[in-house]
Amino acid sequence: MDLHRERGGPAEGAPTSARGAGALCGVLATVALLACASAAGAQGTVQQARLQADLTGASGEATVRVEYLLGGVAPGDSVPVSLLDFGLAIPFDLRVGEGAESLSLSRLRGAARGGHARVEGTPDGQGRLVVTYRVPVPTDSSGVVVSHLPVLRADLPFEQARPGLWVAEVRVPPAWRVMEAFPTGLVPSGTAGALVGDLQVVPTVVTLRARPDGAWRPGLLLLLNLLAVGVVVFVTVAGWRHLTSGAA
């Protein structure tokens, strides 16, 4: 009988051990499924993007705000974000959301930096990502302000590339004369010092060249165009003279 009990003891304990192992596997599987579901939930789309940049504040820097409306992403999820550094125009003091939570980006490759930012919700439950930051705005030796404003991007596919997917508003002091703007779709809005524009995609940078004194001076592109026109006129006149002299 004792031998039977000794043999039966482990046999009776085996199902308990098996049930414990099965329960553990079930818990691990549940955790894995939840993790996969959370990761899948964060793989949404960009439905709308908006940039607001203000160069009218403290001298030597711009304040930038980017906002993304996201589909397929729940409030509380994190989404990948990235931006490029352009020379001395390295964004700093990055903040996420209404709570102004600090955002740190790690170096990826070259001039690229990336990280993850937490998504908030709109009143109707849609995912929204808002990030603010500041960018240095240097002035070159000729007195021209050269502003490269890196655009922080939500690294998600666009729901649909369409006009107005990305909307921008840039404000400069009214006394400034903007000589060049990129994207080229940025145009004066009618309000002094305000430029607006839209694109079908999100650009990596917004660039402005302006004179704070409001003076107009020809840019390099204009000079090159004038030079090209002059060459064409010279060749045309020389050819005409050659033909008329031969005919005489």
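Asp85 is buried, at a relative accessible area of 10%. Here buried means under 20% relative accessible area, exposed over 50%, and partly exposed in between, with a 1.4 Å probe and protein chains only. The model is predicted: local features need pLDDT of at least 70, side-chain atom pairs count only at pLDDT 80 or more, and totals for chains, interfaces and linings use all residues. Residues are numbered from 1 along each chain as its sequence is written, and side-chain values use heavy atoms, with hydrogens and water left out.

Asp85 forms a salt bridge with Arg107, with 3.3 Å between the closest N and O atoms. The pair links distant parts of the chain: Arg107 sits in strand E6, Asp85 in the loop between E3 and strand E4 (92-96), 22 residues apart. A salt bridge is a side-chain nitrogen of Lys or Arg within 4 Å of a carboxyl oxygen of Asp or Glu. Strands (E, at least two residues) are DSSP runs, numbered from the N terminus.

Four strands form an open sheet, in the order E6-E7-E3-E11, with antiparallel pairing. Its edge strands, E6 (106-107) and E11 (153-154), each pair on one side only. Two strands pair if DSSP finds at least two bridges between them. Strand E3 (residues 78-84) and strand E7 (residues 112-118) run antiparallel and are joined by seven bridges. Leu83 has Arg113 in E7 as its bridge partner.

Back to the charges. By the rule above, the count comes to 12 salt bridges. Arg65 and Glu67 make one of them, 3.0 Å from N to O. Arg65 is partly exposed, at 24% relative accessible area. Glu67 is buried, at 16%. Both belong to a network of salt bridges that also links Glu98, Glu120 and Arg128.

Another salt bridge joins Arg209 to Glu180, with the closest N and O atoms 3.4 Å apart. Arg209 lies in strand E16 (residues 205-211) and Glu180 in strand E13, so the pair ties together parts 29 residues apart in sequence. Arg209 is partly exposed at 25% relative accessibility, and Glu180 is partly exposed at 36%.

Strand E13 also lines the largest pocket, giving five residues, the largest share of the lining. Strands E13 (177-182) and E15 (194-199) are the elements that give two or more residues to that lining. By class, the lining has 12 nonpolar, two polar and two charged residues.

Terms used. Ala, Val, Leu, Ile, Met, Phe, Trp, Tyr, Cys and Pro count as nonpolar, Asp, Glu, Lys and Arg as charged, and the others, Gly among them, as polar.
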